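Open the model in your viewer and start with the whole chain in cartoon. We will go from the overall fold to one helix and its surroundings.

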Amino acid sequence: MTILTVDDDIEDQEIFNEAVSIIDPLIVCLKANNGIEGYNVLLNDNTYLSLDYIFLDINMPKMTGIELLVLIKKNKELKNIPVYMLSTSCSESELDKITSLGATMIQKQSQFSLNIQMLRSIIHPAPVVH
């Protein structure tokens with residue numbers, strides 16, 4: 001499994017990567033520091049072919065997460081990769097835009113254990129019991 005995380009906060013990147021490695025140490029976690037860098041990572045060497053999930057911070061310099069999300073959803077090679085938007089807060093209009101573009105909003109958690117729990121539910125969801 002391969003994940004791309006795009007976040008301008010290095011500490012948040014480290015927390016995310018640590019949580020992912022606890023969930024599954026075999027997951028490859030690619031990183032980018034802003035939307036422009038993230039888009040380049042997606043397109044370089046056809047990285048998108050191996051991606052299972054993209055996690056984007058909303059508030060970043062140079063290109064916001066929402067601006068990158070728009071580019072992802074306009075690109076036929078990228079548009080079907082599940083995208084999760086991460087933020088500590090989100091306005092109603094941002095949430096509407098994110099949802100209309102087909103991404104899922106998740107709130108950054110202040111407790112590390114809650115981050116692990118939230119990411120585990122996305123990466124390794126519990127099986128549905130009938």
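**Whole chain first**

Buried residues account for 43% of the 130 residues in the protein. Keep in mind that this is a predicted model.

Colour by secondary structure. Along the principal axes, the C-alpha trace spans about 35 × 35 × 35 Å.

Next, display contacts. Take those between residues at least 6 apart in sequence: 66% of them join residues at least 24 apart.

**Surface and charge**

Now select the charged side chains. There are 9 positive and 17 negative ones, and the centres of the two sets lie 9 Å apart.

**Helix H3**

Select residues 65–74, which form helix H3. Which of its residues are buried? They are Gly-65, Ile-66, Leu-68, Leu-69, Ile-72 and Lys-73. Turn the view to look down the axis of H3. The buried residues fall within an arc of 155°, so they line one face of the helix. As background, an α-helix has 3.6 residues a turn, so residues three or four places apart point the same way.

**What covers it**

Finally, show the cover over the buried residues of H3. Three strands to pick out here are E1 (2–6), E3 (53–57) and E4 (83–87). The cover also includes helices H2 (35–43) and H4 (92–100).

Definitions and conventions: Residues numbered from 1 in each chain as written. Predicted model: local features only at pLDDT ≥ 70, side-chain atom pairs only at ≥ 80, totals over all residues. Heavy atoms only, no water. Buried < 20%, exposed > 50% of the residue type's maximum accessible area, 1.4 Å probe, protein only. Contact = heavy atoms within 4.5 Å. Lys, Arg positive; Asp, Glu negative; His and termini not counted. Charge placed at Lys NZ, Arg CZ, Asp CG, Glu CD. Helix = DSSP H or I, 4+ residues; strand = E, 2+ residues; numbered from the N terminus. Arc of directions from axis to C-beta.
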